[in-house]
Amino acid sequence: MPIRRRAVAVSVPLLVSALTLTACGSGGTDSGGGGADGKPEGDITFQTWNLRSNFKDYFTGLVAEFERATPGVRVKWLDQPADNYADKLSADAAAGTLPDVVNVSPDLSFPLARAGLLMNLDKEPAAARFKGEYTPEAWQGNVLPGLDGSYSFPWYLNTGPLFYNKALFRQAGLDPEKPPKSYDELFAAARTIAERSGGKTATLGGTPAVEDFGRYGVQLMNGDATRFTYNEPKGVELLTEYKKLYDRGGLDPQSLTNTPDKTGQKFLEQKVAMNPGSAHDLENFKKNAPSLYRNLGITDAPNNTGKPNMYVMGLGVSSRSKHKAAAVAFAHFVTDRKNQEAFAHKVAVFPSTKGSLDDPYWTKDDGTDEGRVRVASARMLKGAVNYTPVVLSEEMKTVLKNEVAKALQGKKSPREALDDAVAQSNKLLKQS
């Protein structure tokens with residue numbers, strides 16, 4: 001997958017629709033030839049998601065190394081562009097040409113698995129025997145609701161730190177070394193910063209997204225992911241608190257329309273006290289806002305669950321592969337500890353293999369901006385979960401954002417707004 005992309009979910013309903021043409025049973029039904037427990041042999045295809053342009057040498061070398069170690073197998077590496085990746089999966093699924101090993105995120109693996117086109121790794125002994133090599137969080141991140149198992153070998157993980165301005169905390173009389181860890185602490189700090197700055201400084205630049213509801217402790221969906229439930233009392237409670245914050249100046253006045261770029265700019269201008277970021281932002285702060293850079297704190301986004309948010313990427317195995325043993329062997333090879341760590345040294349992602357994040361590379365700050373963020377982010381991944389429901393499309397995210405805006409503006413009560421958002425999203429879910 002392209003390392004920093006999440007927007008592909010907009011195409012998932014198209015993928016689901018196309019898969020209704022090919023579904024032949026419940027998720028996890030293995031209908032292809034070549035048992036997974038046999039000797040790895042045969043020609044297989046391996047598809048990545050917009051990785052060739054930056055990592056051609058790495059993957060070419062990886063394939064060559066596997067073929068040398070497994071002489072009976074030949075791997076054809078395919079790479080698809082970032083745009084319309086879900087549509088490409090849809091076309092392959094409908095045509096019966098889904099690659100043997102395919103790069104998927106949970107939102108993309110869900111419709112494939114539901115149509116019976118991906119192997120249930122928990123139910124296939126040849127794959128399940130590797131489960132202990134990955135962190136429990138990573139394996140669980142690829143378990144799909146209502147389908148009783150994991151459908152992708154965990155590959156790389158990602159998360160993002162939350163930057164905060166220690167100077168603004170200090171000016172408000174808050175301890176700059178103790179950023180808020182829970183939502184109660186966040187709301188209290190935001191009220192204080194707004195009051196003591198005379199309304200000139202907001203704490204947050206954006207409105208709550210679905211991940212915020214998850215971190216607050218809201219049950220986002222029912223158990224089999226057929227119905228959204230974030231309008232439950234805790235969801236209403238969270239939005240009510242955001243409404244109070246908006247009225248008191250704890251949210252930026254333009255938070256209803258701010259894009260991530262705009263909130264980032266306001267943080268740089270020191271008009272907002274907290275904002276998500278990455279190592280790339282640190283270089284920008286150093287150059288364009290040196291006083292901010294000197295007073296920059298790095299923490300995790302507040303949560304009430306004790307579990308930070310993470311993004312998960314995996315490698316699925318086609319249940320219809322003619323060479324399942326080879327496909328399982330190669331998917332495991334790409335995602336084993338040695339190869340995951342090698343890939344994570346080349347780009348700002350994190351390995352999902354057990355013990356990897358205990359390595360000094362991810363635990364000791366080397367003095368660079370990249371190292372500073374890498375160590376802070378790696379620490380957050382222990383115990384992290386993927387809060388974003390696998391069936392949540394971009395259209396559903398927009399529905400939530402629009403209804404949240406109506407509640408903050410006072411056009412609807414928080415309960416009315418969330419009830420309407422859930423009703424619209426559940427209707428879209430049925431249509432998919």
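Colleague: Why is Q431 called exposed?

Modeller: In this predicted model, Q431 has a relative accessible area of 55%. The term exposed applies over 50%, and Q431 is therefore exposed. Q431 is found in helix 19.

Colleague: How far apart are Q431 and E341 in sequence and in space?

Modeller: The two are separated by 90 residues in sequence and by 41 Å in space, taken from C-alpha to C-alpha.

Colleague: Helix 19 has been named. Why are helix 10 and helix 19 called oblique to each other?

Modeller: The axes of helix 10 (residues 233-248) and helix 19 (residues 414-431) cross at roughly 125 degrees. Roughly perpendicular covers 65 to 115, and roughly antiparallel requires over 145. The two helices are therefore oblique to each other. Their axes come within 9 Å, and the crossing is right-handed.

Colleague: Which residues make the contact?

Modeller: Helix 10 contributes P233, G235, V236, L239 and T240, while helix 19 contributes P414, R415, A417 and L418. By class, six of these residues are nonpolar, two are polar and one is charged.

Colleague: What makes strand 1 mostly covered?

Modeller: Strand 1 spans residues 42-49, and six of its eight residues are buried.

Definitions and conventions
Residues numbered from 1 in each chain as written. Predicted model: local features only at pLDDT ≥ 70, side-chain atom pairs only at ≥ 80, totals over all residues. Heavy atoms only, no water. Axes fitted to C-alpha atoms, helices over the stretch in contact; angles between N-to-C directions. Helix = DSSP H or I, 4+ residues; strand = E, 2+ residues; numbered from the N terminus. Parallel < 35°, antiparallel > 145°, perpendicular 65-115°, else oblique. Left-handed = near helix turned anticlockwise from the far one by under 90°. Contact = heavy atoms within 4.5 Å. Nonpolar A, V, L, I, M, F, W, Y, C, P; charged D, E, K, R; others polar. Buried < 20%, exposed > 50% of the residue type's maximum accessible area, 1.4 Å probe, protein only.
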